[in-house]
Amino acid sequence: MTLDAIDRRILIALQRSGRMSNSDLSDRVNLSPSACHRRVHRLEADGYIRDYVALLDARKMGVPTTVFVEITLQAQADEVLDAFEKAVSRIPDVLECHLMAGTADYILKVVAENTDDFARIHRQHLARLPGVAQMQSSFALRTVFKTTALPV
């Protein structure tokens with residue numbers, strides 16, 4: 001399926017406010033409510049819209065500290081990568097895990113209450129991950145901007 005201009009306007013609007021009613025969405029993209037509803041369903045069925053979520057405030061949830069952890073593994077064998085990925089996916093404080101090209105094998109985005117809480121996460125979880133040769137942690141001082149919206 002190819003996205004046209006209306007599809008793109010729908011995706012932009014839903015990325016900004018996923019809870020808007022179909023009526024409000026159809027007004028925003030200048031389409032009848034029934035045609036808008038059909039397009040949204042098609043975008044969902046074709047996988048352009050993967051899910052709808054609530055974005056929580058990390059400060060209000062008690063985890064205002066963001067730490068990026070670069071991990072280098074001892075080896076690159078499939079079984080080492082698979083074991084690491086399976087184990088890291090079970091750590092609730094890890095929000096993201098990316099396999100990297102470059103000096104580190106993986107980069108993790110971890111949230112914590114504070115430095116003491118990160119030390120606990122490190123001791124109880126990160127230090128026990130299989131196949132890890134080296135870890136480098138960097139604390140975010142301030143979030144300049146953050147978005148979940150993809151360019152459409």
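Tutor: Buried residues have under 20% relative accessible area, exposed ones over 50%, and partly exposed ones fall in between (1.4 Å probe, protein chains only). The model is predicted, so local features need pLDDT of at least 70 and side-chain atom pairs count only at pLDDT 80 or more, while totals for chains, interfaces and linings use all residues. Residues are numbered from 1 along each chain as its sequence is written, and side-chain values use heavy atoms, with hydrogens and water left out.

Student: Which residues of H4 are exposed, and on which face?

Tutor: Asp78, Glu79 and Lys86 are the exposed residues on the face of H4 turned away from its buried side. Helices (H or I, at least four residues) and strands (E, at least two) are DSSP runs, numbered from the N terminus.

Student: Which residues of H4 are buried, and how do you know on which side they lie?

Tutor: The buried residues of H4 are Val80, Leu81, Phe84, Ala87 and Val88. They lie on the same side of H4 because their arc around the axis is only 140°. The arc is that of the directions from the helix axis to the C-beta atoms.

Student: Why is glutamate 85 called partly exposed?

Tutor: Glutamate 85, in helix H4 (residues 78-88), has 34% relative accessibility and therefore counts as partly exposed.

Student: What makes the negative surface patch?

Tutor: Asp78, Glu79, Asp82 and Glu85 form this patch. Patch residues have over 30% relative accessible area and no salt bridge; like charges are joined within 9 Å, nonpolar side chains (Val, Leu, Ile, Met, Phe, Trp, Tyr) within 5 Å. Glu85, at 34%, is over that 30% limit. Asp and Glu count as negative.

Student: What makes aspartate 4 and arginine 39 a salt bridge?

Tutor: A salt bridge needs a side-chain nitrogen of Lys or Arg within 4 Å of a carboxyl oxygen of Asp or Glu. The side chains of aspartate 4 and arginine 39 meet at 2.9 Å, N to O, so the pair is within the 4 Å limit. Aspartate 4 lies in the segment before helix H1 (5-16) and arginine 39 in helix H3 (residues 33-45), so the bridge ties together parts 35 residues apart in sequence.

Student: Are these two buried or partly exposed?

Tutor: Arginine 39 is buried at 17%, whereas aspartate 4 is partly exposed at 32%.

Student: How do you know that arginine 42 forms a salt bridge, and with which residue?

Tutor: Arginine 42 pairs with aspartate 7, their closest N and O atoms being 2.8 Å apart. Arginine 42 is in helix H3 and aspartate 7 in helix H1, so this pair also joins parts 35 residues apart in sequence. Aspartate 7 is buried at 1%, and arginine 42 is partly exposed at 31%.

Student: What is the separation of arginine 120 and aspartate 117 in H5?

Tutor: Their side chains meet in a salt bridge at 2.9 Å, N to O. Being 3 residues apart in helix H5 (residues 115-124), arginine 120 and aspartate 117 are separated by about one helical turn. Arginine 120 is partly exposed at 26%, and aspartate 117 is buried at 10%. Elsewhere, salt bridges that share partners join Asp4, Asp7, Arg39 and Arg42 into one network.

Student: How many salt bridges are there by this rule?

Tutor: The count is 4.

Student: What makes one side of H5 the buried one?

Tutor: Asp117, Phe118 and Ile121 are buried in H5. Their arc around the axis is only 100°, which puts them on the same side of H5. Thr115, Asp116 and Arg123 are exposed on the other side.

Terms used:
Areas by Shrake-Rupley, 256 points an atom, 1.4 Å probe, with all protein chains shown as cover. Charge placed at Lys NZ, Arg CZ, Asp CG, Glu CD.
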